Every structure is written in C-alpha cells, then in structure tokens.
Number of protein chains: 2
Amino acid sequence: MTTQQDLFDSVKEQTLLSEIAALSGWDALTGMPKDAGHFRADVDAYLAQKIFTVSTGEQRQSILKALSSDTSQLDELGQLVLKKAQKDYDMTGKIPEQDFIAFEKTLSQAQDYWAQAREANDYKIFQPYLEKIIGYLKQFIPLWQTNEATPYDVLLNQYEPGLTVAKLDAVFAQVKTGVTELRQRLAKEGTTPEDSFLKRRVTKEQQRQYAMSAVQRLGYNLNKGRLDDTIHPFMEALNRDDARITTRWDDHNFQMAVLGIFHEAGHGLFEQNVDPKYDDFRSVLPISMSIHESQSLFNEVMVGRSKAFWETEYPQMQQAFEGVLDDVDFETFYAGWLKTQASFTRTEADPLTYPLHIIIRYEIEKAIFNDNIDVADLPALWNAKYKEYLDLDTPDDLTGILQDIHWAGGSFGYFPSYALGHLYAAQFQATMAKSLDFEAIFQSGDYSPIFEWRKEHIWQYGGAVDPQVILKQATGESLNPQYWLDLQTKQYLKAYGIDD
Amino acid sequence: MTTQQDLFDSVKEQTLLSEIAALSGWDALTGMPKDAGHFRADVDAYLAQKIFTVSTGEQRQSILKALSSDTSQLDELGQLVLKKAQKDYDMTGKIPEQDFIAFEKTLSQAQDYWAQAREANDYKIFQPYLEKIIGYLKQFIPLWQTNEATPYDVLLNQYEPGLTVAKLDAVFAQVKTGVTELRQRLAKEGTTPEDSFLKRRVTKEQQRQYAMSAVQRLGYNLNKGRLDDTIHPFMEALNRDDARITTRWDDHNFQMAVLGIFHEAGHGLFEQNVDPKYDDFRSVLPISMSIHESQSLFNEVMVGRSKAFWETEYPQMQQAFEGVLDDVDFETFYAGWLKTQASFTRTEADPLTYPLHIIIRYEIEKAIFNDNIDVADLPALWNAKYKEYLDLDTPDDLTGILQDIHWAGGSFGYFPSYALGHLYAAQFQATMAKSLDFEAIFQSGDYSPIFEWRKEHIWQYGGAVDPQVILKQATGESLNPQYWLDLQTKQYLKAYGIDD
C-alpha cells in the first residue's frame, strides 16, 4: 500500500540530493581549486544520476501511479506535492531514455563549442550544435505538449506556467512601443545626465560595506546567507536558511556591485522567506524564474533606482565611500544613477532598454520554433533586430548572438522570464503603493513594512503557487505592463529634466 | 560472477560519497550560514547512511565474500583494495547494528555534553557519557580483536596498524627521560631567550602574504588547494587535486598562523601528491594519522624550526611584515622562535614539551582499557600527571581533562599518533640529511629536492602502505626516537646558549 509518506520520503531524498548538488555547484563557482574540475565532474555526474533515478525511476513511477489513481488519502500538501512531482517527472520521463541521454550529452558538448566559438568570435563553430539542440527540442515538444497552441508555447510553459505566445505578443508590443517612444522623447527633449562620478575609484571594501548594510536593511539575513566573489554573480539557495549570493567587483564601477548585490539579495530574500512547510519538497517546488526575477529586480530597480530610497541612502553611501562622492550633490547623483544608454550586451543594459534585449530574443526563439527559420540565418536576424530596436550596428558574433550561454544550455523559452520579472516588479510596487507610503518608510530607516508585504504576498508561497496566480492574488489583476511603463516614464522624464 | 570491477565500482561510489561528505564538512566549518545547521544535519545524516550502506551493506558483503574466496582474478591493486575494504567493513560490520547505532547516538550526545561541561567547567557533566563510550568500546574490543596482546592494543591498531603497547611503552619511556633531562639542563644552564617581539602587531594580510608564499616554496600547490579562516585550523582533502587548508589569525601572535599554515600545508602536500592510481579508492585507503602528522610536523618543526631554513626565510618574512621586525637580528629572532615553556594546553605546546602531553594521555587511556580505572578518578589522575611531567598545577577541568574533544568523539588510541608524527618526522629528516644538503638547498631558494624526496619516499603511497612499512623502507629502520631527541637537544641547547 503506497502512502502519502512514501511520496514525501521520496521527494525529500530528491531534495537532499539537490541540496548537495547546489552546494557542489556553488563551491565550483566560488572557490574550488582550479585543478579539481575533473574530480568534481565525477561527483556531479554521480549526483545527477542519483537525482534522475530518484525523480524518474521505477519507485517514483509506482508511487505517482498509485497515488494518482486514489487521491483520497492525500491532504492538501500531499496533493500539491503529487502534482508537482508528476510535472517534474513528465519533463524527463516522457522522453525516451536514450534521447534524453543523447540530449544531455549534446548540451554538454554545445557549451564547450559555444565557448570555443566565442574564443574564435565565429558563430559557425557553434551553429551545428545549436542545430542539434533545436532538433532535439522540436522532437520533444510533441511529447510534452498537452493543450498549448503552438510549439513555442510548450517551451514558454515550462518556465512560466500558463504563459502563451498570444499573451506575450500583446505585452511585448505594448512595452516595445512605450520604450521606443520614451527613448525618442528623452533623446529629443532631455538633458543627458552627467555620470562620470560613477567611474570614480571606490575600494571593494567600501563598496561591500555599503551594499551589504543596505541589503540587510531590506531584510537579507546574513545568518542565512553569505557573500562571495565570482565572475558571474548569482544566488544559490541550498535551503531556506542558506541562500548565498555572489558579486563581481570593479574599483571603477561601484554601481555594478551595489546594484548587483541588491539584485542577488532580492533572490536571497525570496528563498529565505518561503514557508517552512515546503522545506522537504523544494526539489519539486522550484520557484518560477519570472517571479524570482521580479524579486531580485524589485530590489535592483524598484528600490535601487527609486528617488525616495536614495534620498535616505545616498548620505549613507557617501559616508561608506569615505569622501569619494562628497562633492556630488543628490540631484546630480540621482540623475547620473538613472542614465540610460543603448548597449550591445543584455547583462549590461539599464532597466529601460533591458526589455528590448529580451523582446529580440523572444522574437528569434519564436521564429525558430514556430516559423522554422534556418539556424544559419540567426546572426543576420539578430543583427537586424538590434539595428531596428536599439539602433546599434552589431560588429561581430561575440558582441551579438554568442553573448548568452542560454541556448547552448538548451534553455529556450527562458528569456521572457527576465522581462516578466521587470513587469511583475512594477505591478507589485504599484499595488504596494496603495497601502504603503514608500517615502515615509524610507525616511524612517525601518524598511520592514516592505519586507512584510513581500513576504506575505509573494515569498511565503515559494514554488507552491503558480506565478500568474501570485500576481493576480497580490495585485488584483493579471499581467499589465502599463505599470512598468508608467514608472519608467515618470522616473526617466524627471532624471532627464523633462516636465511632464 | 563477481569481478574485480564490481569491487572497484562499489569502492568508487563510497569514495564519491566520502568526497561529498568532506565538502559538506569543510563548508560547515568555514562559511556555512549560522542558521543552516539543522538542514546540514539532515544532509550529513543522509550521506552517513548512504556511506554505511555502500561500505557494509549486502552488496558489499557479497563482493567481499566472493572475491576473498577466489582471489585469482585480482591484480595487485585489486588485492590491496579488497584487503582495505575488508578492514573498513570489519570496523563496523563486526558490531551488531543496534549497538553501532546506539554508539553513534551516544557519541553525538557526548559531544554536546562535553561542550556543556566545558561551559560549566565541570567534568561531572561529561562523566556519564564518557563512561558510556568507554563501556561500548570495551564491549566492541573483543569483536575487533584478532591477535593483539591487550585491549588497548586493539584500539592503537585501528589508528596505527602494527603499533603495540609494548613498543610504545619503550619509546615513550625513552622520550620522557630525554625530554625531562633536556628541560632540566635548559633551566639550569641556559639563558631563556627574549621573545617579546613575537607579540608585535602584524596584520593578517602581512602574515598571510608571507606564510602562503613560504608554503608554496615548500611545494603546496594553490591550484589544488585554498586557504580559509576557521577557529580550529584543519586540512580537508576532497581529493588529490583539492586539499584545502584553514588557519586562525591573531594580530599579536604571528607565530601561530605562520606555523599553523606550515602545518596544515604539510597535510595538504601529502594529499596533493598521492599516486593517482589510488584516486578511486581513497575512502578505503585513508592515510594513517601518524604518517600524515609526520608530514605536517615536518613542515612545522623540521623546516619551521630549522635554523638553516630561517637564515634564508627570515629576511623574506621581515620584508612581508613591512618593517615590524627590522630591529630584531637573526640570532635574536631564531632563539625567541624556539623558546620552550610548559603549558597546560596540548594544542599550544611547543615541540619539546608536546610529546609529554601525549604521553600523559597515552598512560591514562592505557589505565582505562587495560587497568579498568574508574572514570570518576580520571581528573585526579590527569592533574597528578601534569604535576609530575610538566610541574604544572592544573587549576580546573576546563584547563585540564576537558580540553580535548577526542574522547567525546570515541577516539581512544588516537593521541599517540600525534607524538609518533614528531618522531617519524625527525627520523625522516635524519635520513634525508644523508643525501640532501639542507643548508645548501635552503640557501638556493629552490626547495624542490626536499619536495621530491618526500613525494618519492612517503606521499606517493597515500594510505596504500602501512606507516611502519613506509618508515622502514624510507629510513632503513623501525621507529627510533633517538633521532628526535638528538635533534631537539642540538637545537635547544644552541637556542639557550649552551655549548655542547
């Protein structure tokens, strides 16, 4: 007789193994000795195989089957875990095992060849592997498909349950028009802010001192986290009480580390405040990318670019920077802090132009899966879109189509989450503003009302509730990009000295 | 049909799991967030259970049985791995499972109560748990015993294969007499060196800069290691290419971190240079404590207290310390560096008095297992021995019998390894001195001949060869404490200004 406890035990084992894999992954990126990679590859392969067995093997299959056929003995949590474990199983379990193994192998090769292509600045080196990946995904999509309208909808759904091409087309069209019009207005009527002070030398210690104190005021708990140095910043949560963040430092670009730490601490805040009742089931309750990103971006953009926040925080940053910014008055600082400029690289984009980078990738992915565009034509399409959307002439593959690792990792349908994160964050903030007086809160120095709102309406649910549901429950409506557009318009017009 | 490969696969899995447990252990002691302990306890319990199953479960048992009954298909490595896996199995497999579980639980409680007893400075809090541990061990000893002469021999053998009470009694008697006579002579005829300069302020960064450059000159490879901060320094090797060390810092005691880093890097050097053919079998080929310690102590004492070494290195340390020691001439430095003084605490003892701390513990352990002394009487025995050997009046339990965690962890028979490490290190050095000109090597700045000797004669064997065999092969004779006594005598007489 299969019981709910059998399911819980099996998922707990998956969670423990995933926690170990997370520790290994964090360690490999933060401080593992250089030569130890080959030993670590063995460990990671062993863990991956164990996780695969636990989450898709015969024992899990028989538990899923038995409990699905008789759900009477499951309580509410049991039903949730069953549903999510089934979904987790379907991702790999629906694919023939040889194909799954071959796909994984292709991904691992593709990442090597992507790196080689970057080294040689030549897309053609990567192209055959990208073709293979896309080929596999086109083969898997019908196996995954339930009632999605188009092939690309199937991929979108894996990262953002309930999201459709139809919805995204409308949302992105609105964003694209809004951003484009605003950028034109800033260029024509605005005064470009002075921002050379952002390049002044601030030591890593001074930057760390300020940024870490600020994120702790926002609620990031260092007893449940830590900060390390990496090339590519990330947050890795082993569990609710161990959400680690990393950052990159540049003595002559303090904005990067300060906002980077705000961003990663936003992810960390989320993980630290999930309801403990989900602890054992984290492995099948991953927090969706979009809602996760909405919280890192809430820290980075909603707070980190907010005038009211910096009115309180700027003097503290000045103090931590020991004189470096003493001659820069607040208005100059804030306008420079917000300066927007088109860039070739997504990860370096400012909040206003960022969604355009995503829309470009979204349109290309849609062309791949719904219009079957030739993979050889992608660089030309990429470059044309950067010209159209950002008025930039992409000089080469490295600056262009080879910049992101995502496709080499088989992640198609993932990019939109980044843009959704921006939009959700603004929609949450607009709702919060109805009951919270941000200016008064920031002035008081006690930011806990913001923390409490986010915890109550978002964080506690972890991955147990779908992002669209969280958004609807918290804000009273489904995704509406107008909040984000309104906020950007208001902020940027002011920073560029345009009276509205 | 069971094959050698079945054994190798099973041991490799044990090695992978042990590697993961080592990573978890390192992380818990270096940087794991404070609140994450309860989650980590779950992970560690899971790993311990998996390791237990792999190393003692039915599958392992059947492999061991099948291959033991027909060794014809095993090559030399296969025979070694079989022997060591069998030994590993016997440690736990010979004990009834419930007893083993109860013992593990007692150990875990005992460590808590040991900490509480320390807090309250009261041995009586710890005593009942110590009694329980000793009771279990007395119950297990007959199960482990093969042909050892006394119960305590059985325990000694687990940490140092081939070591006997008879041998240790003789060795320790010789050491005790030699050290006591030398200490008396230093007190009567010698001039106590001036060492107040050792308390001068040297920043952590200056200390690190010097110590890490020095251990790299001795061969510690930072591409296969790293340095972190901890309260209790240790070396943790995940594998041959990942041997991490830690240290403790005190701005006003640079000798502690410098020699501490020398010590841990000595352990690291060993692990980094084991023959790769043993990689998959590390879990059943642990390096014996004594031989491991001989290499950390070779760095710390043979090199780190050597006059020839410091003649070359002292100017480099002066330079790294940016002026702090510029007024201390070499002779003053070296005499102060060697100063010896009786202390209550083993871990703070200098090389000359250190073995006396071990001999005290050895005699107490022997009294427990071979003479059945009452556990309630241990503090009195402890204090009497500290008075007799070091002329110290132990003021309380915390300074006395509660100082070490070893007994709370069930480690009886382990302490002698520390003293053996000192003795082995000196015996190795005396042999090396026949073919290597230490003075010329240190003067040249290229220390690789020392590295190569240690690698060839010691490190490459890892845990594959018993320590007594390594010692005999490398030095041509079995343990002879006279080398250590001669070296100490020569060094200390000089430092204390006594002409021999």
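In this predicted model, Leu269(A) is in contact with Leu218(A), Gly219(A), Tyr220(A), Asn299(A), Phe451(A), Arg454(A) and Trp459(A), once its neighbours within four places in sequence are left aside. The residue belongs to helix H10 of chain A, which runs over residues 254–272, and Leu269(A) counts as buried because its relative accessible area, 0%, falls under the 20% cut-off.

**Buried residues of chain A**

- Between Leu269(A) and His292(A) there are 23 residues of separation in sequence, while their C-alpha atoms lie 9.9 Å apart in space.
- Gln488(A) is placed in helix H20 of chain A, residues 482–495, and with a relative accessible area of 1% this glutamine is also under the 20% cut-off, so Gln488(A) is classed as buried.
- Apart from neighbours within four places in sequence, the contacts of Gln488(A) are with Leu182(A), Val301(A), Pro351(A) and Leu352(A).

**Helix packing in chain A**

- Helix H8 (residues 165–189) and helix H16 (residues 415–435) of chain A have axes that come within 12 Å and cross at roughly 60°, and the crossing in which H8(A) passes H16(A) is left-handed.
- On the side of H8(A) the contact is formed by Leu168(A), Val171(A), Phe172(A) and Val175(A), and on the side of H16(A) by Pro416(A), Ala419(A), Leu420(A) and Leu423(A).
- Sorted by class, the residues in this contact of H8(A) with H16(A) are eight nonpolar, no polar and no charged.

**Helix packing in chain B**

- The axes of H8(B) and H14(B) are 10 Å apart, and the two helices pack at an angle of about 145°, in a crossing that is left-handed.
- H8(B) brings to this contact Val165(B), Leu168(B), Asp169(B), Phe172(B), Val175(B), Lys176(B), Val179(B) and Arg183(B), while H14(B) brings Pro355(B), Leu356(B), Ile358(B), Ile359(B), Tyr362(B), Glu363(B), Lys366(B) and Asn370(B).
- The contact of H8(B) with H14(B) is made up, by class, of ten nonpolar residues, one polar residue and five charged residues.
- Helix H7 of chain B, residues 151–159, has as its buried residues Tyr152(B), Asp153(B), Val154(B), Leu155(B), Leu156(B) and Asn157(B).
- The cover over these buried residues of H7(B) includes helix H6 (123–144), helix H8 (165–189), helix H14 (354–370) and helix H16 (415–435) of chain B.

**Relation and interface of the two chains**

- Chain B gives 37 residues to the contact and chain A gives 38 residues.
- About 3,000 Å² of area is buried between chain B and chain A, and carbon and sulfur atoms give 58% of that area.
- Within chain B, the residues that lose the most area to chain A are Pro33(B), Phe39(B) and Tyr46(B), which together account for 21% of what that side buries.
- Because 100% of the interface residues of chain B are also interface residues in chain A, the copies meet through the same surface.

Terms used. Residues numbered from 1 in each chain as written. Chains lettered and ligands numbered in written order. Predicted model: local features only at pLDDT ≥ 70, side-chain atom pairs only at ≥ 80, totals over all residues. Heavy atoms only, no water. Buried < 20%, exposed > 50% of the residue type's maximum accessible area, 1.4 Å probe, protein only. Helix = DSSP H or I, 4+ residues; strand = E, 2+ residues; numbered from the N terminus. Contact = heavy atoms within 4.5 Å. Axes fitted to C-alpha atoms, helices over the stretch in contact; angles between N-to-C directions. Left-handed = near helix turned anticlockwise from the far one by under 90°. Nonpolar A, V, L, I, M, F, W, Y, C, P; charged D, E, K, R; others polar. Buried area = accessible area lost by both parts, 1.4 Å probe.
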